[in-house]
Amino acid sequence: MASPHDRAPSGTPLDPAQMIAEARKAFFTMFGFLCLVWAVQLVNWLLDGRMALLHGIRSRDVDSLGYLLTAPFLHLNWQHLQGNSGPLFVFGFLAAYRGVRKFLGLTVLLVVTSGMAVWLFERGDVVTVGASGVIFGYFGYVVLRGLFDRNLIDSLIGLVMGASFAYLLTTAVPGTPGVSWLGHLGGLVGGLAGAWIFRDRRPKQAAALPDGPAAPSLPAPGAAPGRKSAASGASGASGASAIGPAGPVSPRADLLKELDDLGL
């Protein structure tokens, strides 16, 4: 729920109904994503894990470049998938609840950055699969998004997530056996860059201009000199334009109207 002080960069309050609708779409998007990943793992399990080995990323192998798009959906075993499912849903939902279309663009960026980091720098005798690189990208995006959007709620979410899951960064550096730290690092860099690339670019509202001196109204065609036309109404006596939007009435205008009614 948005607070009264939580405002979009355009200066207008965030619409709670719109936020709830976007959060609902984010929930079902991530739920569908998890269902797809688990369905793929079921097929991989039925094939004795051969799908992951055949469609994973092999470094500097041109034939495996296309597998950058399939590797995040594949996992070596059920334990690997179970370990990724919770963080994938949580960070994915937080990344998506501000807009699913922006989230899909971010996901494509993370798939490329995490996959290319593995393809360029990983050893040639390993096959890399899993959604952990994308998870790290969502994490980096959530941590920085509020700063670039100048959004208080998102900044607080990023601060809490960063403090609570800072330990994840230990697997984005060399030293953890059996973990593709290069994929984690590539995804994290992509997420940090995505926070800037997909920042809110809506222009701010222009400041209201101070009211200037009002233009005198002109009598309607055919009106007798010295008489107010019916179309001009009381605004003609106060000096306001007969065709422009009515502005705030000043005490001086009220005084002039009274004098005019008295025939002075």
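Rings of Phe, Tyr and Trp, the last by its six-membered ring, pair if their centres lie within 6.5 Å. With that cut-off, a search of this whole predicted structure turns up 11 aromatic pairs. Here are some close-ups.

**View 1. Helices α3 and α5 pack against each other.** Helix α3 covers residues 78-96 and helix α5 covers residues 132-149. Their axes sit 9 Å apart, at an angle of about 35°, and the crossing is left-handed. On the α3 side, the contact includes Asn84, Pro87, Leu88 and Phe91; on the α5 side, look for Ile135, Tyr138, Phe139 and Arg145, among others. Sorted by type, the contact residues come out as 10 nonpolar, 3 polar and 1 charged.

**View 2. Phe91 and Phe139 make an edge-to-face pair.** The ring centres are 5.5 Å apart, with 75° between the planes. Phe91 belongs to helix α3 and Phe139 to helix α5, so this pair ties together parts that are 48 residues apart in sequence. Buried or exposed, what is Phe91? Phe91 counts as buried, at 1% relative accessibility, and Phe139 is buried too, at 5%.

**View 3. Phe165 and Tyr167 form a tilted pair.** Here the planes meet at 35° and the centres are 6.2 Å apart, so the pair counts as tilted. Phe165 is partly exposed at 25% relative accessibility, while Tyr167 is exposed at 52%.

**View 4. Four Phe rings join up in a cluster.** Ring pairs link Phe27, Phe28 and Phe31 with Phe89.

**View 5. Arg199 meets the ring of Trp196.** The charged end of Arg199 sits over that ring, 4.2 Å from the centre.

Definitions and conventions: Residues are numbered from 1 along each chain as its sequence is written. This is a predicted model: local features need pLDDT of at least 70, side-chain atom pairs count only at pLDDT 80 or more; totals for chains, interfaces and linings use all residues. Side-chain values use heavy atoms; hydrogens and water are left out. Axes are lines fitted to C-alpha atoms, for helices over the stretch in contact, and angles run from 0 to 180 degrees between N-to-C directions. Helices (H or I, at least four residues) and strands (E, at least two) are DSSP runs, numbered from the N terminus. A crossing is left-handed if the near helix is turned anticlockwise from the far one by less than a right angle, and right-handed if clockwise. Contact means heavy atoms within 4.5 Å. Ala, Val, Leu, Ile, Met, Phe, Trp, Tyr, Cys and Pro count as nonpolar, Asp, Glu, Lys and Arg as charged, and the others, Gly among them, as polar. Rings of Phe, Tyr and Trp (its six-membered ring) pair if their centres lie within 6.5 Å; planes under 30 degrees apart count as stacked, over 60 as edge-to-face and the rest as tilted. Buried means under 20% relative accessible area, exposed over 50%, partly exposed in between (1.4 Å probe, protein chains only). A charge sits over a ring if NZ of Lys or CZ of Arg is within 6 Å of the ring centre and within 35 degrees of the ring normal.
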